[in-house]
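Dear colleague,

Please find below the structure that I am handing over to you. My notes on it follow directly after.

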Amino acid sequence: MNDLQLNPDGSLRHFLSIEGLKPALLEQIIETAASLEQVAKRAVKKVPVLRGKTVMNLFFEPSTRTRTTFEIAAQRLSADVINLDVQTSSTTKGESLLDTLKTLEAMHADMFVIRHHESGAATFFARHAAPGVSVLNAGDGWHAHPTQAMLDMFTIWKHKPRFDRLKVAIVGDILHSRVARSQIHALNLLGAMEVRLIAPQTLLPEQPESLGVHVYHNMEEGLRDCDVVIMLRLQKERMQGAHLPGGDEYFRCYGLTEARLQHARPDCIVMHPGPMNRGVEIASSVADGPQSVILEQVSNGLAVRMAIMAMVLGGQHEVRP
Amino acid sequence: MNDLQLNPDGSLRHFLSIEGLKPALLEQIIETAASLEQVAKRAVKKVPVLRGKTVMNLFFEPSTRTRTTFEIAAQRLSADVINLDVQTSSTTKGESLLDTLKTLEAMHADMFVIRHHESGAATFFARHAAPGVSVLNAGDGWHAHPTQAMLDMFTIWKHKPRFDRLKVAIVGDILHSRVARSQIHALNLLGAMEVRLIAPQTLLPEQPESLGVHVYHNMEEGLRDCDVVIMLRLQKERMQGAHLPGGDEYFRCYGLTEARLQHARPDCIVMHPGPMNRGVEIASSVADGPQSVILEQVSNGLAVRMAIMAMVLGGQHEVRP
Amino acid sequence: MNDLQLNPDGSLRHFLSIEGLKPALLEQIIETAASLEQVAKRAVKKVPVLRGKTVMNLFFEPSTRTRTTFEIAAQRLSADVINLDVQTSSTTKGESLLDTLKTLEAMHADMFVIRHHESGAATFFARHAAPGVSVLNAGDGWHAHPTQAMLDMFTIWKHKPRFDRLKVAIVGDILHSRVARSQIHALNLLGAMEVRLIAPQTLLPEQPESLGVHVYHNMEEGLRDCDVVIMLRLQKERMQGAHLPGGDEYFRCYGLTEARLQHARPDCIVMHPGPMNRGVEIASSVADGPQSVILEQVSNGLAVRMAIMAMVLGGQHEVRP
């Protein structure tokens with residue numbers, strides 16, 4: 001994976017997974033995002049970093065929110081954007097994923113942003129991509145969602161820049177969450193003091209400790225003295241299966257309430273990748289409360305995606321806004 | 001409403017409803033549209049008024065026609081445009097309208113163009129919008145469709161600039177028409193001599209006279225000496241309900257034919273917001289005849305939407321093309 | 001048709017059909033494409049030929065691949081592009097095709113790219129288009145797909161510039177193929193030495209010889225000494241009808257295999273408009289083999305569509321990249 005993501009000089013070629021990257025590269029993403037964030041404050045919110053480049057959004061799973069942030073990020077960098085509605089495309093005519101990739105590449109795409117329900121889809125694309133073409137993983141199966149993890153790291157860094165002092169709790173459906181998987185890798189790489197998972201046994205992967213985390217089944221205990229708490233979205237379809245009781249019952253055990261948040265440090269920040277199920281995994285009073293940085297995460301997502309796009313295509317040295 | 005739409009200096013902040021606006025502001029929109037209309041005649045049909053701004057089209061009801069004119073208007077002003085397909089977005093995952101608004105705002109949207117099946121949706125957005133973010137109502141329930149009304153006023157003004165001398169008839173399904181509601185307010189604000197509604201009792205709101213109009217149930221009488229006749233689209237789904245007999249019967253009573261148009265003034269212009277049901281509310285010979293300005297309305301819609309976008313975001317003084 | 005496609009000075013006004021065009025015009029398209037192809041090799045892959053122009057993609061049949069190449073071609077020429085999702089537009093509200101055209105024209109569209117399931121739809125549009133508005137046929141019924149034919153001619157020309165020395169075989173479902181129809185006209189106009197059709201009787205039009213071709217029912221005979229072989233896509237829905245046996249049986253008789261390709265000239269190139277049914281009309285080893293130029297066709301499609309767009313709107317003299 002490492003080899004595939006990096007150019008021979010160690011710079012970023014694709015962005016597929018946090019796993020295998022060096023801490024310095026994650027820090028570079030954070031610093032580049034901090035720099036590009038300034039663009040949003042200008043009257044004309046554009047830089048010409050990717051002018052004349054074509055970015056193709058290939059979403060095999062629908063996600064207006066994530067696709068839109070990638071689209072805006074590309075527009076801000078002056079790229080041309082093509083949104084491919086994959087539901088109605090040739091893949092439904094029986095064309096293979098590889099034929100689709102090669103066909104789009106032949107249209108001189110410079111970058112693919114790909115979301116796919118199968119783990120490894122983005123890596124497959126990257127393995128077969130032509131020289132000069134970059135692939136960004138916007139979520140593949142249960143595997144990884146590395147731009148989400150990096151926007152979360154950027155958000156944490158802006159509030160609490162010393163990762164080595166942080167206790168971070170991730171709460172909810174870890175088992176099915178590509179977001180959680182990428183966050184755990186990123187937090188460990190950036191040297192977080194402690195990463196905790198809080199979840200019922202049925203929503204944890206096997207042998208979670210092998211990921212370098214501590215496991216809790218109780219919110220009050222798991223939140224104690226935390227600096228950051230990251231709530232995960234509970235997929236409604238899971239609640240109807242064997243994994244879980246109903247939403248009310250889940251909220252009673254694992255919902256983040258004001259009372260529970262008291263167990264964390266007073267300056268603990270509350271995060272959520274969105275969209276939220278209010279009253280299921282998080283109380284509205286917490287979601288909208290003073291410790292919530294949930295909307296900041298969205299803005300930070302723009303800056304981080306601009307940073308990663310600029311790094312893979314523009315080269316680090318050309319990124320100054 | 002007035003407070004919400006205007007900045008403290010009286011300039012336009014949002015555009016939600018004709019109701020409550022001052023005549024001078026409506027005249028300013030008309031004048032700005034007249035100025036921006038010149039852009040369409042250039043070889044390069046663009047002005048940089050909104051360069052680097054992000055306009056988001058949020059259509060909770062599908063409308064290719066209206067969405068497209070807003071999209072082209074924004075392109076001509078050099079804005080970046082994001083079309084959000086709301087049918088597939090997080091709102092279907094149970095996210096509230098307010099969460100959707102706040103999330104999109106966090107992506108640094110500068111303007112929302114919103115169409116929604118519920119009356120008051122645009123006002124709700126405007127009430128919660130962050131400073132610097134503008135909301136344009138592209139139709140909310142039965143309430144208002146103010147940009148349509150303003151393009152109609154602009155169209156009338158180009159042919160008959162003295163509103164105080166005009167008799168204007170609005171014909172058809174007034175009850176369910178947000179277009180008619182906005183037109184009536186605009187015509188009264190601009191001082192039209194007389195506004196008439198021509199419709200069967202079942203397609204009129206209660207106490208229509210309270211709107212400052214005269215009511216007719218007979219086309220020949222209602223059209224007599226009119227300078228402008230505005231036909232409304234008959235929603236097919238209404239015809240199947242209790243409100244109305246079939247399309248043929250409707251056309252026999254309330255369809256605009258050449259013979260009926262003879263009762264109006266010889267220079268009376270014929271308008272329709274489109275798309276037309278030919279042979280239901282209007283005869284093809286009238287729709288395509290010399291008095292029809294129906295296609296001009298479409299072009300005027302571009303100029304008026306550019307004007308309103310420029311006024312809310314660019315500030316009046318920066319709008320010179 | 002000729003009159004409709006050309007301006008009085010013989011330059012291209014619309015692009016509807018190969019039929020009726022002069023060879024010199026086809027050669028001009030090829031030369032312009034060769035020139036514009038260089039744009040794709042620049043760091044900033046854009047030229048301002050269509051800056052400020054609005055190109056509208058009207059696809060009444062879904063086709064992500066073709067729509068995307070037109071969209072990218074327009075972006076590269078700096079045009080503004082509007083994609084109209086015709087499934088959800090006013091045409092489904094009962095508006096006629098002519099009303100749709102006139103409405104979109106009133107939005108100051110400069111060019112329509114239209115795909116429609118009815119033969120003659122693009123010509124209908126062109127016949128009613130306002131002065132200054134151009135129509136490109138992106139496929140109409142079984143009639144024509146002229147930009148596909150021209151990208152195929154451009155592809156052949158790059159490998160084998162002397163058409164008068166070429167034997168070209170077109171293989172597969174000729175009967176239902178607008179692509180084949182346009183290719184046959186183009187090859188004959190450019191003076192190809194011989195055009196062959198290879199197909200079962202059930203997939204040939206009546207009196208195919210009237211098209212100026214030789215007919216074969218046997219692959220080995222038809223491919224003998226060919227310089228170019230063009231495979232057509234087999235529509236799956238045809239295989240289920242009376243026209244044809246199953247995919248395996250078809251492949252056994254008319255599939256292009258390495259063994260069969262041996263009957264053609266050693267430097268014979270293999271083409272396919274895509275998307276391919278591997279193992280039905282073409283073996284994977286051929287599709288991905290050294291004689292295949294199938295992906296080049298996609299890239300050439302961009303250059304040819306840029307060329308045609310520039311010629312109809314920009315005028316030939318302004319096209320220099």
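**Salt bridges within the chains**

In chain C, the side chains of C:D267 and C:R265 form a salt bridge, with N and O 3.5 Å apart; the term requires a side-chain nitrogen of Lys or Arg within 4 Å of a carboxyl oxygen of Asp or Glu. This is a predicted model, in which local features need pLDDT of at least 70 and side-chain atom pairs count only at pLDDT 80 or more, whereas totals for chains, interfaces and linings use all residues. Residues are numbered from 1 along each chain as its sequence is written, chains are lettered from A and ligands numbered from 1 in the order in which they are written, and side-chain values use heavy atoms, with hydrogens and water left out.

C:R265 counts as partly exposed because its relative accessibility is 38%; here buried means under 20% relative accessible area, exposed over 50%, and partly exposed in between, with a 1.4 Å probe and protein chains only. C:D267 is likewise partly exposed, at 39%.

C:D267 also meets the side chain of C:K160 in a salt bridge, at 3.1 Å from N to O. That pair links distant parts of the chain, 107 residues apart: C:D267 lies in the loop between α11 (258–261) and β9 (269–271) of chain C, and C:K160 in the loop between α6 (146–159) and β5 (167–171) of chain C. Helices (H or I, at least four residues) and strands (E, at least two) are DSSP runs, numbered from the N terminus. C:K160 has a relative accessible area of 11% and is therefore buried.

In chain A, a network of salt bridges links A:K160, A:D227, A:R265 and A:D267. In chain B, B:E194 pairs with B:R196 in a salt bridge whose closest N and O atoms are 3.0 Å apart, and both of these residues are buried. Over all chains, the structure holds 45 salt bridges.

**Relation between the copies**

Chain B is superposed on chain C by a rotation of 120° with 0.0 Å of shift along its axis, giving an RMSD of 0.0 Å. The two copies are thus related as by a three-fold rotation axis.

**Chain B against chain C**

Here 24 residues of chain B are in contact (heavy atoms within 4.5 Å) with 23 residues of chain C. The area buried between chain B and chain C is about 2,100 Å², of which carbon and sulfur atoms give 52%; buried area is the accessible area (1.4 Å probe) that two parts lose on being put together, summed over both.

Three salt bridges are counted between chain B and chain C. In one salt bridge, the side chains of C:D110 and B:K45 meet at 2.4 Å, N to O. By class, the side of chain B that touches chain C has nine nonpolar, six polar and nine charged residues. In this scheme Ala, Val, Leu, Ile, Met, Phe, Trp, Tyr, Cys and Pro count as nonpolar, Asp, Glu, Lys and Arg as charged, and the others, Gly among them, as polar.

**Chain B against chain A**

On this side, 23 residues of chain B are in contact with 24 residues of chain A. The area buried between chain B and chain A is about 2,100 Å², with 52% from carbon and sulfur atoms. Three salt bridges are found across the interface of chain B and chain A. B:D99 and A:R278 meet through their side chains in a salt bridge of 2.7 Å, N to O. At least two residues each of the side of chain B that touches chain A come from β1 (54–59), β2 (80–85) and α4 (97–106) of chain B. β2(B) gives the most to this side, with six residues. Its classes are six nonpolar, eight polar and nine charged residues.

With kind regards

Key:
Least-squares fit on C-alpha atoms with pLDDT ≥ 70 in both.
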